[in-house]
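Please look through the structure shown here together with its sequence, and keep both at hand while reading the report.

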Amino acid sequence: MPKNFTDPAAIVDAIIRENGPRLVVGLPLGLGKANHIVNALYRRAEADRGLDLTFFSALTLEKPRPSNELERRFIAPVIDRLFGEWPDLHYASALHKGELPPNIKVIEFFFLAGKWLRNTYAQQHYIAANYTHAASCILDRGLNVITQLVAKRVVDGETRYSLSCNTDTTLDLLRARAAGRASFQLVGQVNSQLPFMLGAGDLPASEFSAILDSPATDFPLFAPPSEPVSDSKYAIGLHTAGLIKDGGSLQIGIGQTSDALAQSLILRHHGNARFREIAARLVPDGTMAETAPFVTGLYGVSEMVFEAFLGLINAGVLKREVDGAVLHGAFFLGSQSFYRALREMTPDELSRIQMTAVSFTNELYGDEAARRRARVDARFVNNAMMATLMGAAVSDGLENGQVVSGVGGQYNFVAQAFALQGARSILTLDSTRREKGRVVSNIRWAYGHATIPRHLRDIIVTEYGVADLRGKSDADVIAAMLNVTDSRFQAELMRQAKDAGKLPKSHEIPAAYRENFAGRIKAALRPAREAGLLPPFPFGSDFTEIEQQLIPALEVLRGASHSPLTLLGLLMKGLRPGDASAQPALARMGLDRPATFSDRLYRALVNGALKESETKNTAPQSPGIER
């Protein structure tokens, strides 16, 4: 049975007594880190350079950091409200400051997107590995401790602990230990807010060497607020919803696109006539492959579980059961309302969501026949940053070698799509983004890095449509990609393809695809937007109504930051008298009674941006998110 502790320093003493001065510590990806134990280990190694401490992890979560004064005014109250008592990880702070002690190493195989760009230590110690290979990577380095956040339950006098949000690699490592291929301590930290998930991660106390359990080390779960869904994301989600077969299987990643897809599937099921109307306006040729409601329903098998999946379950879209579950997942992360919904589920409801090993969700190996039977007509939907005209996808890094995030499970799911009968990999991306104040294409002729190579090209979806690439010749692939490219960039990309001899000189883009402009998408979605069918936050929001009003205005300001003339225009607009509706937003930013010249300047800019965002009537997007 495990030893129970109430003091993090004491549990560190026990870990060192058991393992000696060389500690290779596995930290779960994302939510499941035992922050107090991790910080106590860090402090001990910082004070005692005779200790050799390695943290092996992924997706280190951090509170948002504002990059300017207006962002600070907006986000600081949000941070206090949502993250105030969440304990920061000391090793992350040291990495940002460049102050990591020489006897401490931090190694990650997946980054919080964009967080560690140009951080030389993080970039140099990144390991490029598929999610399913992370366990073997850490075993090769001599893993001797896993620290993990756990949920606790006493049933008929027996204490049990749930791995809850992170069954992913921990279950695979425990199986290796049971088979004699590994030797390590499993050390848990109890968290009262962590949902007790049933299934493979529901463990007896005997699996643990030590448990930290004290009100003093309890803390609120990390809960990033949902991003509002833009027009382009909804267009992508709607196009993708037309590729999902009733009776099939579904994997989706987190983010605006996944929220948009889930809402689109719910609309297809419960508002089918309206869904078809939107499709007719949105799709250039007016047709989608799959538009019927879900009779049999879908089965979810996804490394990540989040709010959108609960929405699909509640709507009756996710209802095809496999071994009693409608959803198998490997880790979860979401809002406080998401965690609360899981905590408040009945045992029967909770049993339909099974957390399991990442080797189960992301691979077919082991009981392969059963997995093949379950994963019929599977659709694996993931995000990319860029794509080339010949179908390669760029999802994790830049051509200069800088890592933005990581491969994660994307390659696993692409490989499954080619291994399973009737399955497809769907990679989604916005056709453009803003870069230093100008719009650039995310579809490139070529790029010096690829996450998914062109020989694994399958389906790529942008806001302008679906490019079905599997089994197509290079010329046909290029033509299909041009059809989903923003029309501002089609001519130049087509010229590059023709100059390279990969596209016939006579090729012309069909007329229906020469109107690939944001205005067309906005017009196609406007009736559904106005009817509330495609809300900015389809699964709820932790932002207040006033904050939701401010988000698009701050996005306008962010977009104008590289153009002095545009900023001047906003300033002049903001100096003109406005209606009283802006006052609550200005007060929320601390600008209702400006006392200094800079406050008056900020007030005018925000007021002008509020007027501009109302004029544009665009779906909001959180400040600081580059498109």
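This is a predicted model: local features need pLDDT of at least 70, side-chain atom pairs count only at pLDDT 80 or more; totals for chains, interfaces and linings use all residues.

## The surroundings of strand β5

Strand β5, which covers residues 145-155, can be followed through its pairing with several other strands. With β2 (residues 22-26) it runs parallel, and 2 bridges join the two strands; here Gly-26 stands opposite Ile-146 of β5. The pairing of β5 with β7 (residues 185-190) is also in the parallel sense and extends over 6 bridges, with Leu-149 placed opposite Gln-189 of β7.

Towards β6 (residues 158-162) the direction is antiparallel, and 5 bridges connect this strand to β5, while Arg-153 stands opposite Arg-160 of β6. The hairpin formed by β5 and β6 has 2 residues between its strands, and in this hairpin Asp-156 takes a positive phi near 50°.

## Helix α7, an enclosed helix

Helix α7 spans residues 168-178, and because 8 of its 11 residues are buried, the helix is largely enclosed by the rest of the structure. Among the buried residues are Asp-168, Thr-169, Leu-171 and Ala-176. The elements against which the buried residues of α7 pack include the strands β5, β7 and β12 (327-332) and the helices α6 (134-140) and α14 (358-361). After the helix comes Gly-180, whose phi is positive, near 85°.

Strand β15 (residues 386-388) runs antiparallel to β16 and is joined to it by 2 bridges, and Met-386 has Val-394 in β16 as its bridge partner.

## Cores and packed helices

The largest nonpolar core has 168 residues, and those that touch the most other members are Leu-31, Phe-55, Tyr-91, Leu-265, Leu-312 and Phe-332. If residues up to four places away in sequence are not counted, Leu-265 touches, among others, Ala-241, Ile-244, Phe-294 and Leu-312. A second, separate core has 27 residues, including Ala-384, Val-477, Val-484 and Ile-509.

Helices α20 (residues 545-560) and α21 (residues 564-575) pack at an angle of about 145°, and their axes are 8 Å apart. On the side of α20 the contact is made by Val-556, Leu-557 and Ala-560, and on the side of α21 by Thr-566, Leu-567 and Leu-570; these residues divide into 5 nonpolar, 1 polar and no charged.

## Pairs of opposite charge

Side chains of opposite charge can pair when their charged atoms come close. The structure holds 33 salt bridges, one of which joins the side chains of Glu-207 and Arg-177 at 3.0 Å, N to O. This pair links distant parts of the chain, since Glu-207 lies in the loop between β8 and β9 (210-212) and Arg-177 in helix α7, 30 residues apart.

Where does the salt bridge between Arg-424 and Asp-458 place its partners, buried or exposed? The closest N and O atoms of Arg-424 and Asp-458 are 2.7 Å apart, and the pair links strand β17 with the loop between β20 and β21 (459-462), 34 residues apart. Arg-424 counts as buried because its relative accessibility is 16%, and Asp-458, at 3%, counts as buried too. Elsewhere, Glu-69, Arg-72, Arg-73 and Asp-599 are linked in a network of salt bridges.

Technical notes:
Residues are numbered from 1 along each chain as its sequence is written. Side-chain values use heavy atoms; hydrogens and water are left out. Two strands pair if DSSP finds at least two bridges between them. Helices (H or I, at least four residues) and strands (E, at least two) are DSSP runs, numbered from the N terminus. Buried means under 20% relative accessible area, exposed over 50%, partly exposed in between (1.4 Å probe, protein chains only). Contact means heavy atoms within 4.5 Å. A nonpolar core is a set of buried Ala, Val, Leu, Ile, Met, Phe, Trp, Tyr and Cys residues joined through side-chain atoms within 4.5 Å. Axes are lines fitted to C-alpha atoms, for helices over the stretch in contact, and angles run from 0 to 180 degrees between N-to-C directions. Ala, Val, Leu, Ile, Met, Phe, Trp, Tyr, Cys and Pro count as nonpolar, Asp, Glu, Lys and Arg as charged, and the others, Gly among them, as polar. A salt bridge is a side-chain nitrogen of Lys or Arg within 4 Å of a carboxyl oxygen of Asp or Glu.
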